[in-house]
Amino acid sequence: MDKRDGMNYAPVGRPDPVVKPGEFTFAAIGLDHGHIYGMTNGLLEAGATLKWVYDPDPAKVAAYCKCYPQAAAAACEAQIFDDPEVRLIAGACVPGDRAALGIRAMRAGKDYFTDKAPLISLEQLDAARAAVRETGRKYMVCFSERLQSESAVYAGELIRQGAIGRVIQVLGMGPHRLNAPSRPAWFFERARYGGILCDIGSHQIEQFLFYTGATDATVAASKIANYNHPEYPELDDFGDATLIGNNGATGYFRVDWFTPDGLRSWGDGRTFILGTGGYIELRKNLDVGREGDGDHVFWVDGKGEHTFDARGKTGFPFFGQLVLDCLNRTENAMTQEHAFKASELCVRAQLQAVKVE
């Protein structure tokens with residue numbers, strides 16, 4: 001997958017199986033976003049067994065099966081839902097359709113693992129919450145900018161160790177390359193993709209909650225704009241928001257579709273985490289002007305200045321934890337409330353955003 005295109009970015013970690021072949025079987029339904037490949041990679045690296053794939057578009061299924069020949073092409077969703085071996089449905093359909101797919105999967109007795117944005121309205125959120133209560137199944141989300149970034153994983157470890165004290169602010173920058181000719185029509189339709197704060201802003205909101213430990217937050221301010229793409233009137237090409245956590249921590253993030261063509265990555269994603277005893281900077285995808293890949297971690301504490309190349313060091317432990325959570329009905333990878341709270345806040349940020357020109 002091309003690292004210059006965020007929609008096709010499929011991170012590859014390292015094998016770290018937590019189950020034996022056949023002990024945890026999953027299927028893929030909905031291939032509209034290329035993130036399904038990264039989600040599949042993570043599950044396979046955790047030892048999960050891929051059995052089925054379904055999408056209404058045969059071309060998407062053929063491309064997926066070429067990459068993962070162990071997947072059998074199902075004739076319909078029901079063929080997968082009726083298979084008792086399948087424990088988890090991984091899906092990356094159109095964002096506006098993700099909640100409905102998840103509810104169908106959960107009612108079929110499967111746990112659900114969706115690409116972000118996991119839903120795009122408060123009505124969908126209410127329906128998903130109700131389905132979780134009704135079925136006891138999981139509605140998990142692949143917030144890949146944290147879960148499939150080794151620098152982000154390492155930052156979480158530093159914070160758990162108390163390296164920078166209490167986290168009081170998170171600043172996030174999530175620029176992406178638009179590459180409009182490669183995008184499907186739904187990508188430019190507000191009712192289907194949800195808006196920039198709901199979509200790529202969800203990564204930033206989830207990271208704010210995770211790093212600060214906040215369990216809820218208020219969206220103090222948010223705004224959106226279409227600065228340079230009048231040919232796509234429903235597209236937000238810029239957005240930002242400020243949040244205040246229920247533990248007093250604050251967050252600000254900016255997301256946009258203005259990555260220049262000269263950058264070798266789809267975006268110069270960075271995160272700055274301020275604590276009472278120091279601070280951390282993550283240069284996730286690259287270090288501009290220098291050779292090599294990203295996952296650079298810089299931090300300063302009372303003892304001095306530190307730098308760490310996290311690439312190849314941490315792997316993506318979320319996926320193994322998710323597999324075990326599904327088997328053991330635990331919540332070590334991510335709590336259901338955390339997944340839903342991040343989903344709720346990104347929708348609220350989008351709904352209350354001021355549109356500027």
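Q: What makes β4 (residues 86-91) and β5 a parallel pair?
A: Strands, numbered from the N terminus, are DSSP runs of E with at least two residues, and helices are runs of H or I with at least four. Two strands pair if DSSP finds at least two bridges between them. Strand β4 and β5 share four bridges in the parallel sense, so they count as paired. In β5, Tyr112 is the bridge partner of Ile89.

A quick word on the basis: this is a predicted model, where local features need pLDDT of at least 70, side-chain atom pairs count only at pLDDT 80 or more, and totals for chains, interfaces and linings use all residues. Residues are numbered from 1 along each chain as its sequence is written, and side-chain values use heavy atoms, with hydrogens and water left out.

Q: What makes β3 (72-73) and β6 (139-142) edge strands?
A: The open sheet has six strands in the order β3-β2-β1-β4-β5-β6, with parallel pairing. Both β3 and β6 pair on one side only.

Q: Why is Asp295 called buried?
A: Buried means under 20% relative accessible area, exposed over 50%, and partly exposed in between (1.4 Å probe, protein chains only). Asp295 has 5% relative accessibility, so it counts as buried. Asp295 sits in the loop between β12 (278-283) and β13 (296-301), and its phi is near 65 degrees, a positive value in a residue other than glycine.

Q: Why does Arg329 count as partly exposed?
A: Its relative accessibility is 35%, so Arg329 falls in the partly exposed class. Arg329 lies in the loop between α10 (317-328) and α11 (336-351).
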